[in-house]
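Here are my notes on the model you sent. Please read them with the structure open.

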Amino acid sequence: HSKDLAMGPTHPAASVAGSKILFTSLDSKYLSPQLCLARRQIEVFVAACDDVASRRGFGRRPRPGTLKEGQVGLRCIHCKHLPPGERTASAVFYPGSIRLVYQSVRNFQRHHFLSCPCMPDDQKQKFIATKSKYVQSKPKSRTYWAKCCVSMGMVDVKGGIRLRNDPEILSGKIVPLSVVSSDSSISSSSP
């Protein structure tokens with residue numbers, strides 16, 4: 001059973017991180033109403049040992065490069081309290097990099113929200129209403145997504161996303177792969 005990180009995480013980074021709604025006050029300036037609505041339904045969290053154990057459950061063998069404690073994930077705020085086996089598909093994602101956070105949010109929209117047993121009907125109706133009104137996000141939205149993730153403390157590492165204050169990053173055990181440069185673009189930190 002996945003714990004709310006504010007209530008007693010097992011990974012040191014989780015105690016620093018807690019969980020945070022993905023939506024920010026600047027979202028409506030850069031993103032479509034549908035993406036803003038989606039981001040309000042998703043929280044960022046740090047995987048604890050029970051999250052890792054639940055991914056290996058259901059008769060699955062762990063694959064190389066699979067989820068590790070301390071990895072940043074995204075989850076539905078409405079059904080996060082349910083045991084993993086009782087959630088509908090696509091209730092939790094662990095993006096492989098910051099640039100894939102956008103795709104994970106789109107996957108929540110396509111595969112989870114309308115089938116989530118815990119999402120209130122009024123929220124589902126808002127999704128249906130915004131879906132029928134196609135509005136394209138602003139041209140700089142991709143840069144905005146990356147900057148927003150970085151401002152929340154996320155960094156790309158081999159095997160996923162971590163928080164920059166993760167003890168394994170601070171100790172040098174894990175080295176970030178990318179940083180946001182002063183011109184707001186993603187650039188490699190390696191030569």
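Strands here are DSSP runs of E of at least two residues, helices are runs of H or I of at least four, and both are numbered from the N terminus. Two strands pair if DSSP finds at least two bridges between them.

1. **Ground rules.** This is a predicted model, where local features need pLDDT of at least 70, side-chain atom pairs count only at pLDDT 80 or more, and totals for chains, interfaces and linings use all residues. Residues are numbered from 1 along each chain as its sequence is written, and side-chain values use heavy atoms, with hydrogens and water left out.

2. **Confidence.** pLDDT is the predictor's confidence in each residue, from 0 to 100. The protein's mean is 80, and 74% of its residues reach 70 or more. Residues 180-191 fall below 50. That stretch has 18 contacts in the model beyond near neighbours in sequence, a contact being heavy atoms within 4.5 Å. Residues 1-16 stay under 50 as well. They have 41 contacts beyond four places in sequence in the model. Where pLDDT is low, the predicted coordinates should not be read in detail.

3. **The sheet.** Four strands form an open sheet in the order β1-β2-β3-β4, with antiparallel pairing. β1 and β4 stand at the edges; each has a single partner strand, so one side of each lacks a neighbour in the sheet. Two bridges join β1 (residues 20-21) to β2, and Ile21 stands opposite Glu43 in β2. Five bridges link β2 and β3 (residues 72-76). There, Ile42 stands opposite Cys76 in β3. β3 and β4 are joined by two bridges, with Arg75 partnered by Val92 in β4.

4. Buried means under 20% relative accessible area, exposed over 50%, and partly exposed in between (1.4 Å probe, protein chains only). In a regular strand the side chains alternate between the two faces of the sheet.

5. **Helix α3.** Six of the eight residues in α3 (residues 33-40) are buried. They are Gln34, Leu35, Cys36, Leu37, Ala38 and Arg39.

6. **The core.** A nonpolar core is a set of buried Ala, Val, Leu, Ile, Met, Phe, Trp, Tyr and Cys residues joined through side-chain atoms within 4.5 Å. The largest one has 42 residues, and Leu22, Phe113, Trp145 and Met154 touch the most other members. Elements giving two or more residues to this core include α3, β2, α5 and α7 (141-151). The largest share, six residues, comes from α7. Beyond four places in sequence, Trp145 touches residues including Leu22, Leu35, Arg39 and Val105.

7. **Arg106: please inspect.** Arg106 sits in helix α5 (residues 101-111). Arg106 is buried, yet has no salt bridge, meaning a side-chain nitrogen of Lys or Arg within 4 Å of a carboxyl oxygen of Asp or Glu. The nearest side chain of opposite charge, Asp27, is 13 Å away. Lys and Arg count as positive, Asp and Glu as negative; His and the chain ends are not counted. Outside four places in sequence, Arg106 is in contact with Gln34 and Leu35, both among the buried residues of α3.

8. **Ser90: a backbone check.** Ser90 is not a glycine, but has a positive phi of about 60°. Most residues other than glycine have a negative phi. Ser90 lies in the loop between β3 and β4. Is Ser90 buried or partly exposed? Its relative accessibility is 22%, so Ser90 counts as partly exposed.
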